[in-house]
Amino acid sequence: MGMLSLDLQLNFPGFELRAQHEGVIDGITALFGPSGSGKSTLLRCIAGLEPAVTGRLGFDNDVWLGSPNERCVPAHERGVGFVFQDARLFPHLSVQGNLRYADRRSSHVTTRPIVFDDVVQALDLAGLLGRRPVSLSGGERQRVAIGRALLTRPRLLLMDEPMSALDAARKAEILPYLERLPARFGVPALYVTHDIDEVARLATRIMLLSQGRIIAAGPIQEILERADLQHVTGRFEAGVLLTTRVLRHDAAYHLTYLDLHGQCIVVPQASAEVGSDMRVRIRSRDVALALRRPEGSSIRNVLAGRLVEIASDPATPYAETLVDIGGARLRARVTRHAVAELGLVEGAPVFALVKSIALG
Amino acid sequence: MPLDLEPLWLSLKLAAAATLVLLALGSPLAWWLAHTRSRIKAAVEAITALPLVLPPTVLGFYLLLLFSPRSAFGGWWVQVTDTTLAFSFAGLLVASVLYSLPFMVQPLQLAFEAVGRAPLEAAATLRASGLDAFFSVAAPMALRGYLSAIVLTFAHTIGEFGVVLMVGGNIPGQTKVISIAIYEHVETLRYASAHVLAAGLMLFSFVVLLFVYTMNRRYPMQVG
């Protein structure tokens, strides 16, 4: 956990960064926005890799840029780890050599008790230690890069779209490792991405960037549900994040049963342990409404609830509705025609039919 | 037939010394040229390349004037060391360093440019200072460039003739390097002695180059 405070300006031809933020960095904070919005540039400024930046930048009690004396602490003295989009492993060193490079140079840091063997184990690197970076797959390379950044025993971990160069299968291979990092090593992270699924899966907080400015920051649930930010977060992505508890696994059908405020939902088998919390994301376009519990349907997840809000948009065929499920809120996007034909009114009991649930 | 190998030994000593001095001076210069955005970069590059196009006699002529005890630099040198730079091994070394400068700087500059900034940024985020990053990342990644630069500088210094003749003259054990000795043997029609030195130099150069290319093939460096 740490306190990040910044007020930065940087001009490139055709682009200007004017970023202001003051807040706690804890767990993984996503820097999210369309390409060209300045996410990566902001991250590089925080790391000390953009010499032309002006303004002020502080982390906890340290000043990295600004008064007194307009000082600028060089990158190698800031104690931040950086995971580049293209890994940037040193080609003349083995995987072990790359990890030791960071380990040796941070051995004096006692505030972060990060042990070489723990990092190797957490990222499953033991089998790669003797290999050369050129012989690694893209996913393996990023795992080594993340391990190397952790071994600088950083106060803050900065990750610049570490998975953007990977295909879906390689992403799925890395995500579980990334997910566990903040809890395991206690290092807060800033994570740049333009993929909302990564945000939902990994982040607890989000900073939204648009045209070089931070336009919103806060807990992820709150920001993703704000309608006025949907031009940045994406209209189709409207939905909710719900916290559930793992009830049991069904190995035969590869399913996991989750408890959501007293009702049971079923998802493709997850790796979480029975009894632990799990976050799921349900998009409003994946939810349908029914007046009666349907029979003979392939949809497994049917939740009883009550309509609390219907927001029709006369300019479109759609209405956004909010359904209360024993305290949890679901969003459903249905046609206005359906609202009229079913006679849906606020306060009416309904069944929410959930077509798809993303683990997030 | 008297076999005098002293000129060969002197040439090797001069080439080794010039290469070492140029490694120390050429690395920072090449580094600066590879990374600077200064407006005087083009001018510095042009000056560095001058020895490639100038006749050796031009450089030799100006060096002679500079080494003269009547010039400011030459006078200061006499005061400090009690010897003159002209017609001495030290003078020969200074001349060789200037004359071979582009052969050290240009391959290094190319190699540093090929390494680029990205690995240095990575090193900085791994708590390596600038100097640390140079020795632990940039230099090893530019290893091939160093190999070419060292071989070219060494070979070029062994082969120089014009500058040596003007600045060093022909003093046995001091400035009579192998190229001068061969010239002298040919002038005095002692072809047998000229053959021994010339063939020896050819063989030596071949062996050195063979070694370099073999190393290069067996241990290819991955850069980038």
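Trainee: Where is A:Arg88 found in chain A?
Mentor: A:Arg88 is in the loop between strand S7 (80-83) and helix H2 (95-105) of chain A. Helices (H or I, at least four residues) and strands (E, at least two) are DSSP runs, numbered from the N terminus. This is a predicted model, in which local features need pLDDT of at least 70, side-chain atom pairs count only at pLDDT 80 or more, and totals for chains, interfaces and linings use all residues. Residues are numbered from 1 along each chain as its sequence is written, while chains are lettered from A and ligands numbered from 1 in the order in which they are written.

Trainee: What is phi of A:Arg88 near?
Mentor: Near 55°, a positive value in a residue other than glycine.

Trainee: Is A:Arg88 buried or exposed?
Mentor: Buried, because 22 other C-beta atoms lie within 10 Å of A:Arg88. A residue is buried with 20 or more other C-beta atoms within 10 Å of its own, exposed with 12 or fewer, and partly exposed in between, with C-beta atoms placed from the backbone.

Trainee: And where is A:Glu161 found?
Mentor: In the loop between strand S8 (156-160) and helix H5 (168-185) of chain A. Phi of A:Glu161 is near 40°, again positive in a residue other than glycine. A:Glu161 counts as buried, with 22 C-beta neighbours inside 10 Å.

Trainee: Switching to sheets. What is the order of the open sheet that contains S1?
Mentor: S2-S1-S4-S5-S6 of chain A, five strands with antiparallel pairing. Strand S2 (15-25) and strand S6 (71-72) stand at the edges with a single partner strand each, so one side of each has no neighbour in the sheet. Two strands pair if DSSP finds at least two bridges between them.

Trainee: How many bridges join S1 and S4?
Mentor: Six, in the antiparallel sense, between strand S1 (residues 2-12) and strand S4 (residues 54-59) of chain A. Within S4(A), A:Gly55 is the residue opposite A:Leu8.

Trainee: What about the sheet with S16?
Mentor: That open sheet has five strands of chain A in the order S16-S20-S17-S18-S19, with antiparallel pairing. Its edge strands, strand S16 (287-290) and strand S19 (328-335), each pair on one side only. On average, neighbouring strands here are turned by 45° against each other, direction ignored. Axes are lines fitted to C-alpha atoms, for helices over the stretch in contact, and angles run from 0 to 180 degrees between N-to-C directions.

Trainee: Which residue stands opposite A:Leu303?
Mentor: A:Ala352 in S20(A). Strand S17 (residues 301-312) and strand S20 (residues 349-354) of chain A pair in the antiparallel sense over six bridges.

Trainee: Next, H4. How many of the residues of H4(A) are buried?
Mentor: Eleven of the 13, so H4(A) is largely enclosed by the rest of the structure. Among them are A:Arg141, A:Val144 and A:Leu150.

Trainee: What covers the buried residues of H4(A)?
Mentor: The cover includes S7, H2, helix H3 (116-122), S8 and H5 of chain A.

Trainee: Last topic. Which domains does the assignment of chain A give?
Mentor: Domain 1 (2-233) and domain 2 (240-359); such bounds come from an automatic or database domain assignment. Their centres, taken over C-alpha atoms, are separated by 34 Å. Seven residues from domain 1 and five residues from domain 2 of chain A make the contact, where contact needs C-beta atoms, placed from the backbone, within 7 Å.

Trainee: Which elements give two or more residues to the side of domain 1 that touches domain 2?
Mentor: Helix H6 (196-202) and helix H7 (220-225) of chain A. The largest share, four residues, comes from H7(A).

Notes. Two residues are in contact if their C-beta atoms, placed from the backbone, lie within 7 Å.
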